Each structure stands twice: as C-alpha cells, then as structure tokens.
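Have a look at the picture, then read on.

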Amino acid sequence: MTVTLDWLGCATFRLTVDDLVIFLDAYIDRVPSAPPVGITAAEVDRADYILIGHSHFDHIAGAEVIAANTGAKVIGSNESARVLLEQDIPADQLFRAQGGEHYRLSDDVTVRVYPSLHSCIWSTASSTPEEVVLGDYGLTEDQRWGSLNVWRQSSPDDPPETQAMLEHLNCSTGSREIGGALAFVIETPQGSIFYHDTSGCWTRVISDLRPDVALVAMAGRANIDGEPIQGSLTQFVGRMASMLRPKQMILGHHDNWMPPMTLDMSSEEALGPVREEIARVEPRVSLVNVGYLEGTRLLE
Ligand SMILES: [Zn+2]
C-alpha cells in the first residue's frame with residue numbers, strides 16, 4: 001500500500017492511498033499575492049472524496065469545482081452541504097457529518113468523524129507563533145463578537161492588496177458560519193491519519209485517538225475546549241502533540257495563504273520554536289516540514 005500526501009497550501013492536502021484520492025479541504029485558488037501552490041482546483045482531474053473541516057471559504061472553496069469535475073463525494077457539516085447544494089452539487093454526492101460517523105471510502109480505507117472546534121477568530125491573536133497571549137477568557141458570544149466584522153467590504157481607502165483580499169474572501173464559495181468544525185481520522189491497514197483544519201480541539205475527544213500521523217492546523221488564537229488558549233500557538237501545537245502522540249506531525253494553515261493578513265510561518269527557521277516545544281513535551285513526535293506538492297510518503 002502506498003500512501004502519499006501533498007500539501008496544497010492553507011489547510012488543504014491531497015491524500016492518496018493506492019488508487020484512492022482523498023482531498024482534505026479544497027481551498028487551492030487563493031488571492032493572486034499568495035504564493036502559488038502549483039495546481040488549481042480546475043486542474044484536479046481525480047478525486048474520490050473531499051473531507052471538509054468547516055465551511056469557511058478558505059477550506060470549502062474549490063470543493064464545488066473538484067466535486068463537479070470529478071464526481072467526488074463530499075463529507076462535511078450540514079452547512080458545508082448547504083453551501084455545495086447552492087453551487088449545484090447533487091445531493092447524492094454530499095454526506096453530512098457532525099461527529100460520530102464512520103464512513104467507508106474504499107475496501108481498505110475508512111474515515112471516522114469527530115466534533116472539533118474553530119480557532120478563536122474573535123479573540124486577540126499573537127503576531128508570532130511563540131508569542132504568549134492571555135485573556136479573553138470566560139466571555140459569552142455577544143461579548144466575543146461585539147462589533148467585530150471579519151467579512152467587511154473593501155473600501156477605496158484600503159491599500160490595493162487589502163482590497164483584493166476582501167474581494168476574494170467576500171466572493172469565494174463558502175459560508176460566514178463555521179458550520180461545526182470537524183476532525184477526521186482516516187484509517188488504513190498501514191496506520192491512521194488525523195486531520196483537522198483549524199486550531200481548536202475538544203481535549204477529551206482527541207486525547208485517546210493515537211493516530212500514526214497528525215495533520216495539525218497552526219493559525220490564529222487556538223481554542224481549547226471552547227476557550228482561547230492562555231498561551232501561544234506554539235504551545236497549542238505542543239498540546240496537540242502530547243495528546244495525540246503521533247509518530248509524525250505535519251502542520252497546515254501556517255503558510256502565507258492570504259496576504260496581507262497572513263505571514264509565512266512555514267519556513268524551517270519559523271518552525272524552530274515549534275520543534276523545540278514538541279521536543280520538550282513529546283520528544284517521540286517527529287515534526288515533518290513539507291512544501292507544496294512534494295508527494296511525501298506516509299505510514300512506511
Ligand atoms: Zn475558518
């Protein structure tokens with residue numbers, strides 16, 4: 001059995017298990033100022049399944065193109081299904097999940113779905129992965145969101161790159177609702193792969209999963225059991241390593257996926273503190289830094 005992983009930027013991956021092609025998220029077509037990942041959604045000619053972690057554009061956009069062109073079946077939340085129905089994807093291609101489902105993907109491969117959490121986009125985030133941020137704890141939804149509007153329209157006063165970014169996020173396929181963040185464990189005869197696409201988790205849901213490989217999102221202010229982490233993004237990755245205890249960990253959502261809002265946190269230099277934190281809390285976990293479309297072999 002050959003298992004290959006391609007990172008396609010942001011939290012999107014293509015996982016190939018022999019002949020089975022599974023997309024994890026589908027966001028490939030980004031703002032022009034983001035570094036190209038080497039392929040577009042329209043160029044994808046093979047996909048059997050698309051697993052969608054949540055319904056925001058930077059995860060689901062492109063699923064409508066890939067599902068229409070390849071006939072791939074989509075597993076995601078009710079909100080993700082609603083978004084794709086609106087994009088004319090047939091209902092029989094859409095499989096709804098909220099956590100607790102166990103889908104068969106091929107004779108040898110299945111996926112288990114778990115409830116997960118979105119990062120705290122309403123909360124103060126660190127400017128670098130290692131910066132510790134405290135506070136915003138114990139707030140109710142009205143206090144959390146207040147007048148924050150991440151979906152604002154662009155204005156002529158915005159710099160051109162900001163205008164392009166706002167137009168992109170307002171025009172891309174997706175929902176303003178999270179739609180219920182999901183985590184997945186893909187099970188193969190050679191081992192299992194954990195995937196989530198935003199920096200959050202229910203600790204008691206994931207602590208006993210023990211995947212062989214974990215794809216962990218590193219972006220924004222992490223969400224631990226419904227509260228913003230009192231610490232750093234690097235410490236969140238360390239927590240994930242110590243709970244999941246995979247042999248290998250691969251990060252996602254940490255590239256410069258939407259300038260000027262985002263920074264590149266994927267260089268080997270930027271990952272130095274993350275490596276140190278993982279070595280400190282769970283030294284048996286190997287952090288594998290992959291580039292776009294590198295075809296990394298897993299579970300060997
Ligand atoms: Zn999101």
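In which sense do β5 and strand β6 pair, and over how many bridges? β5 and strand β6 (residues 94-96) run parallel, with 3 bridges between them. Keep in mind that this is a predicted model: local features need pLDDT of at least 70, side-chain atom pairs count only at pLDDT 80 or more, and totals for chains, interfaces and linings use all residues. Residues are numbered from 1 along each chain as its sequence is written.

**The big picture**

- The protein chain has 8 helices and 17 strands; these are DSSP runs, helices being H or I with at least four residues and strands being E with at least two, numbered from the N terminus.
- For 300 residues, a compact globule would have a radius of gyration near 19 Å, and the protein chain agrees with its 18 Å. That radius is taken over C-alpha atoms, and the globule rule is 2.2 Å times the number of residues to the power 0.38.
- Along the principal axes, the C-alpha atoms of the protein chain fill a box of roughly 50 × 45 × 35 Å.
- Of the 300 residues, 46% are buried, meaning that 20 or more other C-beta atoms, placed from the backbone, lie within 10 Å of the residue's own.
- Take the contacts in the protein chain with a separation of 6 or more: 65% of them link residues 24 or more positions apart. A contact here means two C-beta atoms, placed from the backbone, within 7 Å.

**The sheet with β5 and β6**

- This open sheet has 7 strands in the order β6-β5-β4-β3-β2-β1-β17, with mixed pairing; two strands pair if DSSP finds at least two bridges between them.
- Its edge strands are β6 and β17 (296-298), each pairing on one side only.
- On average, neighbouring strands of this sheet are turned by 25 degrees against each other, direction ignored.
- Strand β2 (residues 13-17) and strand β3 (residues 20-24) run antiparallel, joined by 5 bridges, and Phe 13 sits opposite Leu 24 in β3.
- Helix α2 (residues 63-70) packs on the sheet and touches β3, β4 and β5, its direction making about 165 degrees with that of β4. For such angles, axes are lines fitted to C-alpha atoms (for helices, over the stretch in contact), and values run from 0 to 180 degrees between N-to-C directions.
- Strand β4 (residues 49-51) pairs with strand β5 (residues 73-76) in the parallel sense over 3 bridges, and Tyr 49 has Lys 73 as its bridge partner in β5.

**Around α3**

- β5, helix α3 (residues 78-86) and β6 form a right-handed β-α-β unit: with the strands pointing away from the viewer, the path from the first strand over the helix to the second runs clockwise.
- The buried residues of α3 are Glu 79, Ser 80, Ala 81, Val 83 and Leu 84, and their cover includes α1 (57-60), α2, β5 and β6.
- After α3 comes Asp 88, with a positive phi near 70 degrees.

**The other sheet**

- Another 7 strands form an open sheet with mixed pairing, in the order β7-β8-β9-β10-β12-β15-β16.
- β7 (102-104) and β16 (286-287) each have a single partner strand, so one side of each has no neighbour in the sheet.
- Strand β8 (residues 110-115) and strand β9 (residues 182-188) run antiparallel over 6 bridges, with Pro 115 partnered by Leu 182 in β9.

Conventions: A residue is buried if 20 or more other C-beta atoms lie within 10 Å of its own, exposed if 12 or fewer, and partly exposed in between; C-beta atoms are placed from the backbone.
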